[in-house]
Every structure is written in C-alpha cells, then in structure tokens.
Amino acid sequence: MPPGSWSAGPGRTAQGTDPVPPAPWSAGPPVAWQQPEPDRLTRLVVRLYDRSPRWAVPLAALGCVGAGMAYALMSGPTTSDPDAPPSCLLKLTTGLDCPGCGGTRALWYLLHADLPAAARHHFLFVFAVPFLAYLFVAWAGKQAFGWRLPELRLSSPVIGGFLAVWMAFSVVRNLPWAPFTALYV
C-alpha cells in the first residue's frame with residue numbers, strides 16, 4: 001500500500017507519515033513470560049506436600065472443622081448477657097446483622113440437636129450444612145481412601161443463586177417492619 005493511500009488516524013497525518021514514534025512495548029517480537037523461581041518457604045511447603053501421605057490434608061481440614069465446633073461448644077454463644085456488646089464488628093458499629101450473624105449460635109444449636117432454634121438464628125446456614133458436609137465427606141474420602149462417592153455437581157448459576165438469596169436474606173433480616181423483625185437476631 002503506498003504511503004499516501006490510507007486515511008488519517010490518531011497520530012497520523014493525511015499524507016500517511018507517522019510523526020509519533022511507535023510505543024516501546026510494541027517494538028520487537030513478543031517475549032514469553034517466565035515463571036519466577038519459588039522462594040524458600042514455597043519450596044518447603046511443596047516438598048512437604050509431595051512427601052506427606054494422601055490422608056494428611058483431609059485430616060488437617062477435619063481438624064479445622066473440629067476446632068470450629070469446639071469453639072462453638074466452649075464459647076456458649078447463647079449464654080451471653082443481653083447488655084453485652086456484640087462481638088461482630090459490623091453489628092457493633094452499625095447495629096445491623098451481617099450475612100453470617102447468628103451462624104455460631106445456629107451451629108451451637110445444631111450440635112445440641114435443636115433444629116428449630118438453629119433455623120431461627122440462621123436458616124440458610126442450617127440449609128447449607130448437609131450439602132457442605134456431603135461435599136466434605138466426598139472430597140476427603142476421595143483424597144484419603146480413594147472412595148468414589150457420587151459427586152454433587154453444583155453449577156455456577158446454582159451457586160450464584162444461593163449467594164444472591166443469602167445476600168437478600170442479609171438485607172431483609174435488617175428491615176425494621178413487622179414480618180421482617182422476626183428474622184432479627
């Protein structure tokens with residue numbers, strides 16, 4: 001194409017000359033990205049993971065779940081004073097229930113087999129617990145023992161719908177009108 005045949009664009013003149021030099025990042029062939037060398041801590045963690053037995057990660061996850069249950073049982077979240085300040089920073093500063101508000105009390109009631117009281121404090125947490133428990137057992141059984149339990153496949157729209165319902169529940173439970181005040185914890 002002859003130099004004067006194209007139209008003027010940004011940075012070009014009508015005669016086709018290019019008075020603006022090309023950008024430095026566009027000059028030359030593309031350079032492939034090279035992954036940096038891992039640091040000492042990363043190499044240590046990868047080496048420990050490669051050498052650990054396959055049941056170690058599910059056991060560590062089970063320990064974290066057990067620690068959360070032990071905290072709920074030992075803290076006794078249902079026995080606090082009515083005048084005690086809330087432990088949730090959002091509720092302390094704004095007076096509003098956060099999306100997880102009531103979850104520890106719901107877990108405490110679940111561990112004591114009081115399903116109605118648990119649902120009263122956080123219905124969506126109680127609804128999600130069986131699904132989360134099954135997902136954990138299926139994952140841990142596959143990792144530790146090679147079990148092939150039927151997979152619970154949750155699509156992105158289902159997960160997004162649950163999160164949308166959870167956020168709507170978080171807003172509705174803070175409304176100060178008659179039917180919604182029953183959701184306030």
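What volume does the second largest pocket have? I read about 350 Å³. The model is a predicted one, so local features need pLDDT of at least 70 and side-chain atom pairs count only at pLDDT 80 or more, while totals for chains, interfaces and linings use all residues. Residues are numbered from 1 along each chain as its sequence is written, and side-chain values use heavy atoms, with hydrogens and water left out.

**Entry: terms for pockets.** I worked on a 1 Å grid over the protein atoms alone, where a pocket is an open set of points that a 1.4 Å probe fits, with protein on both sides within 12 Å along at least five of seven lines. A lining residue has an atom within 4 Å of a point. Grid points are joined across faces, edges and corners, and a volume is the space filled by probe spheres set on the points.

**Entry: the second largest pocket.** I found Leu62, Val65, Met69, Leu107, Leu110, Leu111, Phe125, Val129, Leu132, Ala133 and Phe136 in its lining. The elements that give two or more residues to this lining are α2, α4 and α6 (123-145). Of these, α6 gives the most, with five residues. By class I got eleven nonpolar, no polar and no charged residues. Here Ala, Val, Leu, Ile, Met, Phe, Trp, Tyr, Cys and Pro count as nonpolar, Asp, Glu, Lys and Arg as charged, and the others, Gly among them, as polar.

**Entry: the largest pocket.** About 610 Å³ of space lies in this one. I looked at its lining of 23 residues and noted that Pro77, Ser80, Pro86, Ser87 and Arg105 lie nearest the centre. Two or more residues come from each of α2 (56-75) and α4 (103-111), and α4 has the largest share, three residues. The lining divides into ten nonpolar, ten polar and three charged residues.

**Entry: the chain.** I counted seven helices and zero strands, taken as DSSP runs numbered from the N terminus (helices H or I, at least four residues; strands E, at least two). Of the 185 residues, 16% count as buried, with buried meaning under 20% relative accessible area, exposed over 50% and partly exposed in between (1.4 Å probe, protein chains only).

**Entry: helix packing.** How do α2 and α6 cross? Their axes come within 8 Å and cross at roughly 150 degrees, so α2 and α6 are roughly antiparallel. My axes are lines fitted to C-alpha atoms, for helices over the stretch in contact, and angles run from 0 to 180 degrees between N-to-C directions. Angles under 35 degrees count as roughly parallel, over 145 as roughly antiparallel, 65 to 115 as roughly perpendicular and the rest as oblique. Val57, Pro58, Ala61 and Leu62 of α2 make the contact (heavy atoms within 4.5 Å) with Phe136, Trp139, Ala140, Gln143 and Ala144 of α6. That contact holds eight nonpolar residues, one polar and no charged.

Next I checked α2 against α4: the angle is about 90 degrees, with the axes 9 Å apart. That makes α2 roughly perpendicular to α4. On the α2 side I listed Gly68, Met69, Tyr71, Ala72 and Leu73, which meet Thr104, Leu107, Trp108 and Leu111 in α4.

Entry: I found glutamate 151 in the loop between α6 and α7 (156-172). Is glutamate 151 buried or exposed? Glutamate 151 counts as exposed, because its relative accessibility is 56%.
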